[in-house]
Amino acid sequence: MCLLITVFAAIAATIVWYTHCTNDIYRIKVLAAIYWGASLMWLVDAIFEFVELKEAFFNQPFADLLHDSILGLCAVALGLIAWLVVVFIKDPKGLFKKSK
């Protein structure tokens, strides 16, 4: 589930970046890169888990699916926080420079 959640977040961020690519002042491409990196990480994890579990990979208990979903949502939230830090550091509209 964490793989699906991060892939959907990566697709959404990529669509937003692509539709606003002419003036990417909010660094949406950074957010998309963060989510695609997380998706790649979860894909490698899923491949190794499938090799280990074989058929049991597709018959996981509901509690494990719930925990994986919460982990995916936490990864998306952490990606948003990292992106916000980048946006605040870059200060695209110069709001922090005006306040000094």
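**A tour of the helix packing**

Begin by selecting Ala10, which, once residues up to four places away in sequence are set aside, touches Tyr35, Trp36 and Ser39, contact meaning heavy atoms within 4.5 Å. The model is predicted, so that local features need pLDDT of at least 70 and side-chain atom pairs count only at pLDDT 80 or more, while totals for chains, interfaces and linings use all residues. Residues are numbered from 1 along each chain as its sequence is written, and side-chain values use heavy atoms, with hydrogens and water left out.

Next, select Ile5, Ala9, Ala10, Ala13, Ile28, Leu31, Ala32, Tyr35, Val76, Trp83 and Val87, the 11 residues of the largest nonpolar core. Such a core is a set of buried Ala, Val, Leu, Ile, Met, Phe, Trp, Tyr and Cys residues joined through side-chain atoms within 4.5 Å, where buried means under 20% relative accessible area, exposed over 50%, and partly exposed in between (1.4 Å probe, protein chains only). At least two residues of this core come from each of α1 (2-19), α2 (28-53) and α3 (62-90), helices being DSSP runs of H or I with at least four residues, numbered from the N terminus.

Now show α2 and α3 together: their axes come within 9 Å and cross at roughly 150°, the axes being lines fitted to C-alpha atoms over the stretch in contact, with angles from 0 to 180 degrees between N-to-C directions. That angle makes α2 roughly antiparallel to α3, a label given to angles over 145 degrees. To see the residues that meet, select Ile28, Val30, Leu31, Ile34, Tyr35 and Trp42 in α2, and Leu71, Ala75, Val76, Gly79, Leu80, Ala82, Trp83 and Val86 in α3. By class, this contact has 13 nonpolar, 1 polar and no charged residues, with Ala, Val, Leu, Ile, Met, Phe, Trp, Tyr, Cys and Pro counted as nonpolar, Asp, Glu, Lys and Arg as charged, and the others, Gly among them, as polar.

Staying in helix α3, select Ser69, which counts as buried because its relative accessibility is 16%. Leaving aside neighbours within four places in sequence, Ser69 is in contact with Met1 and Ile5; Ser69 and Thr6, 63 residues apart in sequence, lie 10.0 Å apart, C-alpha to C-alpha. Leu66, also placed in helix α3, is partly exposed at 40% relative accessibility, and its C-alpha is 9.7 Å from that of Cys2, 64 residues away in sequence.

Finish at Asp91, in the loop between α3 and α4 (95-99). Asp91 is buried, with a relative accessible area of 9%, and, not counting residues up to four places away in sequence, touches Phe96 and Lys97.

Conventions:
Parallel < 35°, antiparallel > 145°, perpendicular 65-115°, else oblique.
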